[in-house]
Each structure stands twice: as structure tokens, then as C-alpha cells.
Amino acid sequence: MTKYIIKRLLIAIPVLIGITIFDFLLMNLAPGSPLDLMRNPMVSDMALELKAESLGLNQPIYLQYLQWMQELLHGNLGFSMITYQPVSSLIATHIGPTILLMGVSLLLGLFIAVPLGVLSATKRYSKVDYTAVTASFLSISIPSFFLALFLIYIFTVRLNWLPSSGMVTMGGEGGFLDVIQHMILPVTVLTVAVAGRNIRYVRSSMLEILEQDYLRTAKAKGVKKFFIINKHAMRNALIPIITVIGMEIPVVFGGAVIIEQIFSWPGMGLLTMSSILSRDYPTIMGLNLVAAIIVLTANLVTDIAYSVVNPEIKLQ
Amino acid sequence: MKVSQNNKIKGQRITENKSESNNDLKGLRKNQYSVTFLQKFSRHKLAVCGVFVLGIILICAIFAPLLAPYDPNEMVGAFGNAPDGSHLFGTDQIGRDILSRVIYGSRISLLVGFSSMAIGLVIGILLGLVSGYFGGWIDMVIMRVTDIVMSFPYIMLILVVASIVGPGLLNMIVILGFVNWPGAARLVRGNVLAIKEKDYIKAAQVQGFRINRILLSEILPNTLAPILIYATSGIAWAILDEAALSFLGFGVQQPTASLGNMLNGAQSLTVLTSQPWLWLPPGIAIILTVLSINFIGDALRDAL
């Protein structure tokens, strides 16, 4: 197992380097150079050249990459071209709300998906099963932004119960309850998606386990059904759920970009959209990089956790 | 007693039917396979509904010019009128007929869904076949590239690329295609790894078949079922992604109607509150399309 963990870590290193190269190349492919934004009749060519030099834009691309990497290793992600703030501090102020939103939705989604999936599997082909499976299909077929608009229409516009934008009330006292109120709608949208994607996953994982011989043995021994399901079967059925968390993170991240935009949630998604609209390349690069590293780390951690709880996993 | 008799009769009838159909199809293994496939598929009532609904949507999309009551891009009525007799779903802010736009929009959505999946599948299948069959460093490199692409949150990556190459229908299809191949590549690779140790592949190798032939005529046909299932859900995702991107303004651009960019207007509060006919029809059209495709995919999983 230690061997597996070491191998897994070693694989992650080239991927990490690949991510930085990919991220860097992607931004260099962009046709609009950052200088274009400054280009206007009032700015002389000389000034543009000086600016290009100060930004290092006239060097060969691999040197630019190495320079960028060197700065990166010192924690410097560059400076926003719009606000001139360091990108790292921009991300630092926006990452909290995103993690809050994602974390709560992911947990809530799994808290709904696991019991429903287990119930659905143990009562296979019953009404409960059909309802749960159909609901999960429905929830993965609704575009998240449409659900968001629908919820805003009902709960904000019609009923006026919940706020639909921001994280705290403008000019209000703020506080814990205020944030919770603002979280309800976006979290609901993301939770529905997470739960929908995973109900069937838990169900099929549980169904697979229920057919195992050791459960037949337990049943033959006269173990009560409740214990068979909740103690013997569930433990093993939940192992694959660990990998689900790893797979969900990039998806929820992507979902958060759209949801944050709709609900003006001050997280990385909102920052991504605004920096894409203003072609703020250093910020886009930094955001992408941080997001990819979070995903990579999450995958690494879930893979290792999986190998720890499931001794069947060996070097492959 | 009566009940059991009834059951018996029923059971007999069923077995009779079965033996009849078996006799009919004796010697036609392929047909028999397709019959069991249809039987298994039609057991999923929702999937049968899905085929029906998707069929209607496909017909609407293909024959859009014949079916749409108005030109989708022309002003044909008052600004932002509620549904009435001449405009069944009402008109949008600049007087275009919503029903016609929904019909043409589903055409675009389906086009994006199918063609981007096709691009993704071609890339994914080729890389997956090569990676799984040859193994070694080729496999290592291809899989690490797959890991790299998959590390970037999907929507974020698409948004960034869309902002670089610019929005638009064709770009949208290409971007979605070039971003969704890693899933297919991993799937195909896994299947190839399982298949390549089989005896018939060994036999093909011993007979000295060319690599192309082994990969494309021996291995690929045996991985088609999982690929087909993957593709069905992939099309559903692609349609949702197109909708999301067009909604954010990075996808299909006005005046071309897509189901996503029709929803774009709903970001404004007045549209959201007082003109639900602007955003409910395209939204429901997306849900129906994607739901049908997902139900069909689920039934395929069982039947194939």
C-alpha cells in the first residue's frame, strides 16, 4: 500500500507540471494581448514597447514560462491587469465563499443521496425505488441555471422569502444567519445536482454488494435485516463513495461558476466570469491553476483514502 | 385456485408466444439478439416515452423550416406580447415568435450535442485504443495528458477557451468536442485492457493482422456497447453545457436562436417576473430533451 501511495504521488508530479504548462500555453494562445487594452491614440508605441518589456512579453515563450514558474514557486501569481492587486490576494479573498458553497452542497448532496440510494437498492423495483431513480434523472436533466432562475422566481420574486444575490445584505448587519439566508438558494441548486448524480451511483453500488455471498451467509445465520443492511452491506457499499467525492469536486466547481454568477456569490466563479469578460489574463491563469491544483489534490487524497480503506486495491 | 389457474394459462400463453417467435427466428441469431434487445428496452416505460418525445423533438428540429409558423429571426409581432392565438408562446422583446425560436433553438442544441460528442468520441476512441493496446510509455503519456485536461474544472476550461477563440456555433461545437474526449479515452482504454488478453485477439496477432485491423475491426466493435451508453449521456451533458454557455453569453450568439441563449434574457428581473413565456418554453424544451436522452441511455445500459 505504501508503494501504491508513493506511485500515486509520483504520477501526480508530471500532471502538476503539465497543468502549469497547459495553463500557461492556453493564456498565450489568447489573441488579445494585454497590450491591446492599453492601445489607443493617446498612448505612444514607445510606451507600449516599454510596457511589453516590463511585462516580459518580448522574450521567447519558454523563458516567459520559466520566469512565471519561478514567481509561482514564490507564491506570486502576478498582478491583475484591471485592479492591479496581486492575483494571489484576489484569489485568497474569493476562495472562502466558494469553498463554503461547494463544501456545504457536496455534504448535503451526499447526505441525501446515500440514504435514498440505499433505500432504493434495498427496496428494488418498489415505488420508492422508481420515485428516487426518476427524481435523480429529473435533477440531472434540469440545467442548473434554469433551476436557479425558477427558485429565484418563486422564493424571491413571488414569495419574497429569500434573498437572491450576494452573500450578506448590503448595508446590513451581516452575521451568521444573514449568510445562511443568502446560502439557501444557491446551495439548494448545487445540492439537487449532487444528489441527483449520486443516488443511482449509491444504488448500483449497494445492489452489487447485496448480491455478495457474505450477505447471504449473514442472512442464513439469522442476522436481522436491519443489521445486514446498515452494518454489513452499507460499510462496503460506501467505499466507492470516497471516489465520488474526488469526481464531484471539479463538477461542483464548474457548477459553482454558473451559480455564483446568477446569485452574485462573491467566490472564485464570479471572479472567473468577471476576469474573462475583462480579459484579465493573469487572474484567469491564476484561477485556473488554483482550481486545477485543488482538483488534483482532491483526486490524490481520495485515491489514497480509497486504497487505505479498500485493501483489494493494489498496484495496477 | 382460480388465480393459479389463470396464472398457469397466462404462463402457457407466454411460453407459447415465446416458442413461436423462437421458431420464426430460428437460425437468425442477429434478429434474435435485436428482439431481446427490444424486449429489454421496452421494459423501461420511461425510456419508451423518451424515444417518443425525442422523436418529436428530432422531427421538429429536422423539419424546422416547415413546422415553424414564422421566421425565427424576423419581427413578426408586437414587442414582448403574451401568448395568444397567432403566437402560441408569445413574442420576445423585439417581436420574434417564441415558438419558432424554440423549434429552431432545439435544432441548434441537438446539433451541438451530437456533433460535439462525435468529435470527442473520435479523439477519445483513437487515444483510448492506442493507449490501452500499446501500453508502456505511450499509455503513460496519453493518460497523463488525460489527467491534466480532467484536472481543470470542465465549465471553467470551456469558458476560458471560449473567451480565447471567441463565441459562436462552430467554435462551441469544437470546444465541447475537444474538452470532452478524456472520459471516452479512459473508458475505451479500460475496455481495451480487458479485451486484449482474450484469445481471439491473440489469434489475430498470431495470424499477423495489421495493427489497424486488430484495433478497428477486432477490438473496437467489442467496446461499442459501453461507448454507445457513454455517448448517450455525453450528448445530454453537451446539450446542458451548450445551454449554460449560451446562457452566460459565451455560446451561440444572437440572432441565431439556441435554447440556452433564449434563456439569457431571463437574467433581467422584469423578464423573470412579468414575462415567463420568454423563459419557460426554452427551459422546458431543454429539460424534455435531456431527460429523454438520459432515460434512453439508462434503458440502453440494461438492454445492451
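**Exercise 1. Determine the handedness and geometry with which α5(B) passes α9(B) in this predicted model.**

Solution. With helices taken as DSSP runs (H or I, at least four residues) numbered from the N terminus, α5(B) passes α9(B) in a right-handed crossing, the term for a near helix turned clockwise from the far one by less than a right angle. Next, the axes of α5 (residues 98–134) and α9 (residues 181–195) of chain B come within 7 Å and cross at roughly 35 degrees, where axes are lines fitted to C-alpha atoms over the stretch in contact and angles run from 0 to 180 degrees between N-to-C directions. Finally, the contact (heavy atoms within 4.5 Å) involves residues including Gly120(B), Gly124(B) and Gly128(B) of α5(B) and Ala184(B), Ala185(B) and Val188(B) of α9(B).

Residues are numbered from 1 along each chain as written, and chains are lettered from A in the order in which they are written. Local features need pLDDT of at least 70, side-chain atom pairs count only at pLDDT 80 or more, totals for chains, interfaces and linings use all residues, and side-chain values use heavy atoms, with hydrogens and water left out.

**Exercise 2. Describe the interface of chain B and chain A by its area and its contributors.**

Solution. Begin with the buried area (accessible area, 1.4 Å probe, lost when the two parts are put together, summed over both), which is about 3,800 Å², with carbon and sulfur atoms giving 84%. In chain B, Phe152(B), Met156(B) and Ile164(B) lose the most area to chain A, together 17% of what that side buries. Turning to elements, α15(B) gives the most to the side of chain B that touches chain A, with twelve residues.

Definitions and conventions:
Helix = DSSP H or I, 4+ residues; strand = E, 2+ residues; numbered from the N terminus.
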